[in-house]
Amino acid sequence: MSPTTGADMRRRTFLAGVAGLGVGAALTPSAAHAEPQSRPNGPWLQPEQTVQKVALTANTDLGPKLAAIAARSKGRMAVEVAGQSATGWPIHLARFGEPEAGKLPVLIQTQIHGGEPLGTEVVLHLMQTLATSSHPTVRHVLDRLTIWFIPRLNMDGADFRDETGFLVQRRQNTQTWTPQEWGLDPAAPAPWYLPRSLLQPGRVSGYDINRDFHPDLTFRLKPGDEALLPGMSELPGFFVTPEARTSAAIFQRLQPEIFIDHHHRGSNVESETENQLTTLQVIGLVTEGTPEFPLDPAVRDLSFQLNVLVWDALRSIGESPFGGITRYPDVELPGTALGSYALNGAGIMLYETRSAAQKSMGMLIKQSLLGMGVTLEALANGEIDAVDPARYFDIPPAGPRIGNPRDL
């Protein structure tokens, strides 16, 4: 299949054409005076500058925003509290339709890492359009798809504050290791994805939720499982976090054929020779499977098609900031949501958006909206079937990671 043309892109991306994308990061003080510029990109934050996140949706505002969208949806969208975080924050689920024969089920999840916030803003915009637009494209999508959203899985990390009370957000949730909860020896080591640095006195402990999944979605630690701990990165996790268990329970309810997970990544350039800053990394293969849970080749190919579709669509825009799209590095991570869900039959796509900084938030939100809009329309129209999965490896591999030269 040839790359999507610009005309096709404009024709098929109504869902991304939502208003209100004026989300930007405020800098203190203004970035206009940030000198010197780094190479190959820049300017970077200066020591006295911070990225303010006041334009982003706070935990306390998320529920009311979702309720307001649902109230305007005339029954299209339903909202529920599907679970609670380790510290008691509600985990919300927004539903467009219920599982039923003849409708393709899609699950979109964001902010499993609390310090990766833009996915929440993306899906709020997307839900607003799905809930209120009378455009024929929207009606067709809702007729053909059942779409569920977990708009912020890691509520604890999204609200994490430093010792002064300043909102910094972080990757982990907030949770201690309680082996007795699982009937284990009190001396049993914590899973490896509770960083040992966070077990030190004075530190607030917490897990990387996106290593806490298992292809057996009903797995729970039990007495006698001490030998499984602490585990390792290339093996499944243990479902010790309520957030991972909530996500898995939603997956089991919906049984999605498509799973999209939105993340952030640091700053990368396209390659050793191309200094363009990457705006997005994608991936459709995060595990080859386990002996008990092999990866279905058909699921792998569907995942490849999803990623190629978005790669083609974003590149087709032409002169735009969306040209620097690469393939995420090869991994073997069955303990991630993407890995476990792929091994349970869902075609997957990872959005690893460039880290939000300076004035790029609106552009990065728009990029993901375009990608998700194209995806939902192609799924509804059946156009995904025409994408050649073999082209997945045409997506250029990730280039070198770069950092603020002031940190070197």
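What you see is a predicted model, in which local features need pLDDT of at least 70 and side-chain atom pairs count only at pLDDT 80 or more, while totals for chains, interfaces and linings use all residues. Residues are numbered from 1 along each chain as its sequence is written, and side-chain values use heavy atoms, with hydrogens and water left out.

Let's start with the whole protein. It has nine helices and twelve strands; helices (H or I, at least four residues) and strands (E, at least two) are DSSP runs, numbered from the N terminus. Of its 408 residues, 55% are buried, meaning under 20% relative accessible area with a 1.4 Å probe and protein chains only. Take the contacts (heavy atoms within 4.5 Å) between residues at least 6 apart in sequence: 79% of them join residues at least 24 apart.

Now for the helix pairs. Two packed helices are described by the angle between their axes and the distance between the axes. Axes here are lines fitted to C-alpha atoms, for helices over the stretch in contact, and angles run from 0 to 180 degrees between N-to-C directions.

Look at helix H2 (residues 59-72) and helix H3 (residues 118-132): their axes are 8 Å apart and meet at an angle of about 15°. That's why H2 and H3 are roughly parallel to each other, a label for angles under 35 degrees. On the H2 side, the contact is made by Leu62, Lys65, Leu66, Ile69 and Arg72, and H3 brings Thr120, Leu124, Met127, Gln128, Ala131 and Thr132.

Helix H7 (residues 297-315) and helix H9 (residues 361-381) pack at about 125°, with axes 9 Å apart.

A nonpolar core is a set of buried Ala, Val, Leu, Ile, Met, Phe, Trp, Tyr and Cys residues joined through side-chain atoms within 4.5 Å. The largest one has 102 residues, and Ile147, Phe149 and Trp177 touch the most other members. H9 gives the most to this core, with eleven residues. Leaving aside residues up to four places away in sequence, Ile147 touches several residues, including Phe96, Ile108, Leu130 and Leu376.

How values were computed. Buried means under 20% relative accessible area, exposed over 50%, partly exposed in between (1.4 Å probe, protein chains only). Angles under 35 degrees count as roughly parallel, over 145 as roughly antiparallel, 65 to 115 as roughly perpendicular and the rest as oblique.
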